[in-house]
Amino acid sequence: MVDRSKLTYEAVPLEPRGDWPDSRVLTGAEGFRDRMAGRRTVRNFDTRPVPRGAIEACIRAAGNAPSGANHQPWHFVAVSDPAQKARIRAGAEEEEARFYDGAAGDAWLSALEPIGTGPVKPHLEEAPWLIVIFAQRYGQFADGTRYKHYYVPESVGIATGFLIAALHEAGLSSLTHTPNPMRFLNDMLGRPEAEKPVMILATGHAAQDATVPRAATLKKPLDEILTVRD
């Protein structure tokens, strides 16, 4: 770990990206928009393997996300071992059973009904990879001294968005899963007390017969999510 207490400000040149004309800026934005428009959360995965290198490349992309003070307060654990995935599924389903048995409340369960979710999570074993995302509540210098992280939820959320987009760009599907509580993942995956598990991201190729809930295809139009002041 770098001793950040000894870091000082130093300006370095921005890596050149080229001077894109407005036409290329527009086509680039529209191309990415169109590719992401096809992104869907999938619960039916093919068991076809996904190369470890592809997962590593996507997580490297996530690691380039901006973060508070550039502390990068995240850690990703990628799991493909079938026995470990089975243990994660068992732990998650234990929490999900309590959730659907009343802990969630009627309003929350009613909101989930059009999505068709339930306490049984076979995708946690069927997906070739589970990526468990941890938020680091604080950091530690090489001598063990703690230091504060800033904007942790925001930073981890941005990195997770980068990761989901990278997986989609790689031709893979994913599913965000957030059993609550998730502390069982620290013990299973050997992560320290400083880290809080925030999400299990199942990923792989969608099954040939995969379906998605119709309700999930309904997205707000642009005029409901954008206000322009020009």
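**Terms and Values in This Structure**

Q: Why does P16 count as exposed?
A: P16 counts as exposed because its relative accessibility is 79%, and exposed means over 50% relative accessible area, buried under 20% and partly exposed in between, with a 1.4 Å probe and protein chains only. P16 is found in the segment before α1 (22–37), and its C-alpha atom is separated by 42 Å from that of M182, 166 residues apart along the chain.

Q: What kind of model is this?
A: This is a predicted model, in which local features need pLDDT of at least 70, side-chain atom pairs count only at pLDDT 80 or more, and totals for chains, interfaces and linings use all residues. Residues are numbered from 1 along each chain as its sequence is written, and side-chain values use heavy atoms, leaving out hydrogens and water.

Q: Why does E195 count as buried?
A: The relative accessibility of E195 is 3%, so the residue counts as buried. E195 lies in strand β6 (residues 195–204). Apart from neighbours within four places in sequence, E195 is in contact with H75, F134, A135, Q136, R183 and N186, where contact means heavy atoms within 4.5 Å. Across the protein, 34% of the 230 residues count as buried.

Q: Why does N70 count as partly exposed?
A: N70 has 45% relative accessibility and therefore counts as partly exposed. Q72, at 30%, also counts as partly exposed. N70 is found in the loop between α2 and β1 (74–79), and Q72 lies in the loop between α2 and β1 as well.

Q: Which form does the peptide bond from N180 to P181 take?
A: With omega near 0°, the bond from N180 to P181 is cis. P181 has its place in the loop between β5 and α7 (184–189).

Q: How do helix α2 and helix α6 pack?
A: Helix α2 (residues 52–62) and helix α6 (residues 152–169) pack at an angle of about 145°, with axes 8 Å apart. Axes are lines fitted to C-alpha atoms over the stretch in contact, and angles run from 0 to 180 degrees between N-to-C directions. From α2, I55, C58, I59, A61 and A62 meet A159, F162, L163, A166 and L167 from α6.

Q: Which classes make up the contact of α2 with α6?
A: The contact has ten nonpolar, no polar and no charged residues. Ala, Val, Leu, Ile, Met, Phe, Trp, Tyr, Cys and Pro count as nonpolar, Asp, Glu, Lys and Arg as charged, and the others, Gly among them, as polar.

Q: How much do residues 24 or more positions apart contribute to the contacts in the protein with a separation of 6 or more?
A: Such residues account for 80% of those contacts.

Note on methods: Helix = DSSP H or I, 4+ residues; strand = E, 2+ residues; numbered from the N terminus.
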